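Student: I have a structure open and would like to go through it with you. Could we take it piece by piece?

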Amino acid sequence: AGPDGSRKFALLQTGDEAPRANYVPDNPDLEPFVPKEDTGYRVVAGGLKEGAMPYGDRKYKLQKLDAAFSGLTLLQTKNAHKAIVDGRYSVILSAARPCYVFVAVDERALATYKEHGTPSWLQEFAPTGRKLATDDPIMVNAGASYLVFVRKTSAGRIALGPPGMDVEYNAMYFAFFAEAK
């Protein structure tokens, strides 16, 4: 289940004005990347591959994907939720078996986390040293990639928390999963 969008969330305010919880870019260059219909949060079995869209509310496509990750289960998130810092925000999933949970984090978010604090739930993840990239033109122009973090979980409930990212400079995380032996 995705976050309950009917409630107000606390947002990371780094500029003069508070961002919207459902951020939609007003940059005309990004207009072609915002779909007419937002598909929201979705789990796509075998969906992690080059050309896949990591967000339900953007048309960005994965361009650079480590072969070891190809074919894993993808959790599409909403890039519009990147500024949420509220602890009530969580994406809850259930795993039938133990698995590895991978989170792809915009590398520019590390500067935001250094200044404002890393979300506590993300501190449970370890860096893999691997990177992914999309065709997001802002990230491409900045030379930015996604850093991949991982943690092993037992079967049952998996909770991913608030991203706490700067709405102007960071992309939302997305996640993917592999069965643990």
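Student: To begin, where is Ser145 found?

Tutor: Ser145 is found in the loop between α2 (137-142) and β7 (146-153). Helices (H or I, at least four residues) and strands (E, at least two) are DSSP runs, numbered from the N terminus. Please note that this is a predicted model, in which local features need pLDDT of at least 70 and side-chain atom pairs count only at pLDDT 80 or more, while totals for chains, interfaces and linings use all residues. Residues are numbered from 1 along each chain as its sequence is written, and side-chain values use heavy atoms, with hydrogens and water left out.

Student: Is Ser145 buried or exposed?

Tutor: Ser145 is buried, with a relative accessible area of 12%. Buried means under 20% relative accessible area, exposed over 50%, and partly exposed in between (1.4 Å probe, protein chains only).

Student: Which residues is Ser145 in contact with?

Tutor: Leaving aside neighbours within four places in sequence, Ser145 is in contact with Val105, Asp106, Glu107, Lys131, Leu132, Ala133 and Met139. Contact means heavy atoms within 4.5 Å.

Student: What about Ile138, where is that found?

Tutor: Ile138 is found in helix α2. Ile138 is partly exposed, with a relative accessible area of 33%. Not counting residues up to four places away in sequence, Ile138 touches Asn27, Leu30 and Arg108. The C-alpha atoms of Ile138 and Tyr169 are separated by 8.7 Å, and these two residues are 31 apart along the chain.

Student: Let us step back. How many helices and strands does the protein chain have?

Tutor: The protein chain has 2 helices and 9 strands. From the N terminus on, the elements run β-β-β-β-β-α-β-α-β-β-β. Of the contacts between residues at least 6 apart in sequence, 75% join residues at least 24 apart. Buried residues make up 48% of the 181 residues in the chain.

Student: In what order do the strands of the open sheet come?

Tutor: The open sheet is formed by 7 strands in the order β1-β3-β9-β5-β7-β6-β2, with antiparallel pairing. Two strands pair if DSSP finds at least two bridges between them. The edge strands are β1 (42-44) and β2, each of which pairs on one side only.

Student: How many bridges are there between β5 and β7?

Tutor: β5 and β7 pair in the antiparallel sense over 8 bridges. Ala104, for example, has Val148 in β7 as its bridge partner. Ala126 stands opposite Val150 in β7. Strand β6 (residues 126-134) is in turn joined to β2 (residues 62-64) by 2 bridges, again antiparallel, and the bridge partner of Leu62 in β6 is Thr134.

Student: Which strand does β4 pair with?

Tutor: β4 and β8 pair in the antiparallel sense over 5 bridges. The bridge partner of Ala95 in β8 is Gly156. β4 has a covered face made up of Val91, Leu93 and Ala95, and an uncovered one with Ile92 and Ser94.

Student: Changing topic, which residues of helix α1 are buried?

Tutor: In α1 (residues 109-116), Ala109, Thr112 and Tyr113 are buried. Seen down the helix axis, the buried residues fall within an arc of 100°, so they line one face of α1. That arc is taken from the directions from the helix axis to the C-beta atoms.

Student: And what is on the other face?

Tutor: The face of α1 turned away from the buried side carries the exposed residues Ala111, Lys114 and Glu115. The buried residues of α1 pack against β5 (99-106). After α1 comes Gly117, whose phi is positive, near 105°.

Student: How many residues does the largest nonpolar core have?

Tutor: The largest nonpolar core has 48 residues, and those with the most contacts inside it are Leu160, Tyr173, Phe174 and Phe176. The largest share of this core, 6 residues, comes from β5. A nonpolar core is a set of buried Ala, Val, Leu, Ile, Met, Phe, Trp, Tyr and Cys residues joined through side-chain atoms within 4.5 Å.

Student: What is Leu160 in contact with?

Tutor: Leaving aside neighbours within four places in sequence, the contacts of Leu160 include Leu75, Val91, Leu93, Val101, Trp121, Phe125 and Tyr173.
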